[in-house]
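Reader: I would like to learn how to read cores, salt bridges and pockets in a model. Please take them one at a time.

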Amino acid sequence: MTRICHLHIGMPKTGSTAIQAALRRYRDPRIAYARLGPANHSEPLCTIYAKAPDRFFQHRQKGRSAQQVARLQSRYRARLEAAFRDDRDLILSGEMLCDHLTPAEIKAMLAELRRHYDAVRVIAYIRPFRALVPSMLQQRIRVGQARFELPAPGYRKRFQPWLRQAGADNLEFRLFDRAALAEGDIVADFATRLGLDRSRISARDRNEGLSLEALGILFHHNVTEGVRLTDPARLQARQVLLRQLRGFGTGKVGLDAALMAPHVAAHQADIDWIERVAGFAVSGPAPAVETPIRSQEHLLEIGRAALPGLRQSAPLNRLRAAAWRLGARAMTRF
């Protein structure tokens with residue numbers, strides 16, 4: 001019997017959380033979603049295959065020691081080997097795989113998967129440039145970035161090692177755009193590509209983005225208070241604030257066309273590369289928003305203007321109390 005491993009490698013900001021949440025309880029006599037612990041397999045797989053797993057950013061953020069990481073590695077390895085012993089096809093999904101494994105680590109991972117499966121098919125979703133950049137900026141602010149710096153898309157850096165190791169015949173690129181997805185939905189598209197039984201897929205959570213106002217407040221915190229803290233206190237304080245900001249504000253996040261124009265020009269070669277290897281365009285127009293961000297100071301102004309509304313929120317006292325318990329005294333300056 002032919003066995004296939006389907007390896008979903010992202011890219012980030014293409015609905016990976018929705019895929020993982022939908023499939024974590026998926027049951028099918030033909031194919032299994034790997035049960036490695038987290039629904040997102042990024043941490044387990046990077047921990048297993050990285051030569052220096054204790055350097056993986058999630059372990060550093062959480063203050064894990066080398067010994068703790070080694071124990072996690074053993075646990076994740078045992079779960080992966082249990083998945084290998086299952087005679088069904090296997091699904092692995094981790095959007096960080098295209099960012100946090102070196103070419104040598106990718107080669108080792110694929111070599112092991114090929115020892116257990118007759119075919120390893122890699123799938124990657126590609127987000128168009130002008131939609132990707134503001135989404136990536138938001139994500140970086142969410143994880144603590146205190147600089148207003150437009151992210152590079154890194155299409156070639158991310159995917160050329162996978163192309164070389166997996167081979168073009170075994171790597172499928174899909175456009176992450178509602179008009180291009182099956183039923184306009186990432187989970188439906190992924191299920192269609194793999195031939196999954198849609199009736200077995202449960203309701204799924206989505207990784208909702210922040211509003212413009214919430215992003216401004218969070219960036220203001222990163223710049224003025226977050227820099228005073230060290231990990232893991234910085235992470236804990238930011239998580240408290242993110243819980244408070246859930247559902248706060250209504251503005252959509254986007255970047256001003258004048259701000260984006262030189263960024264597009266600077267990365268045109270990268271855009272051309274992914275369009276050539278993927279076979280579709282990623283240089284379309286940006287989604288329209290009412291108040292596009294013009295600069296760092298503009299985003300800070302948005303945050304400062306939104307702070308009074310957050311101060312009036314009843315749960316803010318709980319935010320202050322939690323911040324004190326975490327030792328994040330700077331948070332009380334709200």
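Reader: Which residues touch the most other members of the largest nonpolar core?

Author: In soluble globular proteins, nonpolar side chains tend to be buried together. A nonpolar core here is a set of buried Ala, Val, Leu, Ile, Met, Phe, Trp, Tyr and Cys residues joined through side-chain atoms within 4.5 Å. Buried means under 20% relative accessible area, exposed over 50%, and partly exposed in between, with a 1.4 Å probe and protein chains only. The largest core has 75 residues, and Leu-7, Leu-92, Tyr-155, Phe-159, Trp-162 and Phe-173 touch the most other members. A separate second core has 19 residues, including Ile-19, Ala-22, Tyr-26 and Ile-31.

Reader: On what basis are these values given?

Author: This is a predicted model, in which local features need pLDDT of at least 70 and side-chain atom pairs count only at pLDDT 80 or more, while totals for chains, interfaces and linings use all residues. Residues are numbered from 1 along each chain as its sequence is written, and side-chain values use heavy atoms, with hydrogens and water left out.

Reader: What is Leu-92 in contact with, leaving aside its neighbours within four places in sequence?

Author: Contact means heavy atoms within 4.5 Å. By that rule the partners of Leu-92 include Cys-5, Leu-7, Ala-34, Leu-36, Leu-45, Leu-80 and Leu-113, and also His-6, His-8 and His-41.

Reader: How many salt bridges does a search of the whole structure find?

Author: Side chains of opposite charge can pair when their charged atoms come close. The criterion is a side-chain nitrogen of Lys or Arg within 4 Å of a carboxyl oxygen of Asp or Glu. The search finds 13. One of them joins Glu-81 to Arg-77, with the closest N and O atoms 3.6 Å apart. Both lie in helix H4 (residues 66-85), four residues apart, which means about one helical turn separates them. Helices (H or I, at least four residues) and strands (E, at least two) are DSSP runs, numbered from the N terminus. Glu-81 is partly exposed at 33% relative accessibility, and Arg-77 is partly exposed at 23%.

Reader: Which salt bridge links distant parts of the chain?

Author: Arg-193 pairs with Glu-172, the closest N and O atoms being 2.8 Å apart. Arg-193 sits in helix H9 (residues 186-194) and Glu-172 in strand E5 (residues 171-175), 21 residues apart. A further bridge, Arg-198 to Glu-183, has an N to O distance of 3.0 Å. Arg-198 is in the loop between H9 and helix H10 (212-224) and Glu-183 in the loop between E5 and H9, so this pair ties together parts 15 residues apart in sequence. Arg-198 is partly exposed at 39%, whereas Glu-183 is exposed at 63%.

Reader: Which residues line the second largest pocket?

Author: Rolling a probe the size of a water molecule over the atoms shows where empty space is left. On a 1 Å grid over the protein atoms alone, with a 1.4 Å probe, a pocket is an open set of points with protein on both sides within 12 Å along at least five of seven lines, and lining residues have an atom within 4 Å of a point. The lining consists of Cys-46, Ala-50, Ala-52, Arg-55, Phe-56, Phe-57, Arg-60 and His-100. The volume of this second largest pocket is about 160 Å³, where a volume is the space filled by probe spheres set on the points, joined across faces, edges and corners.
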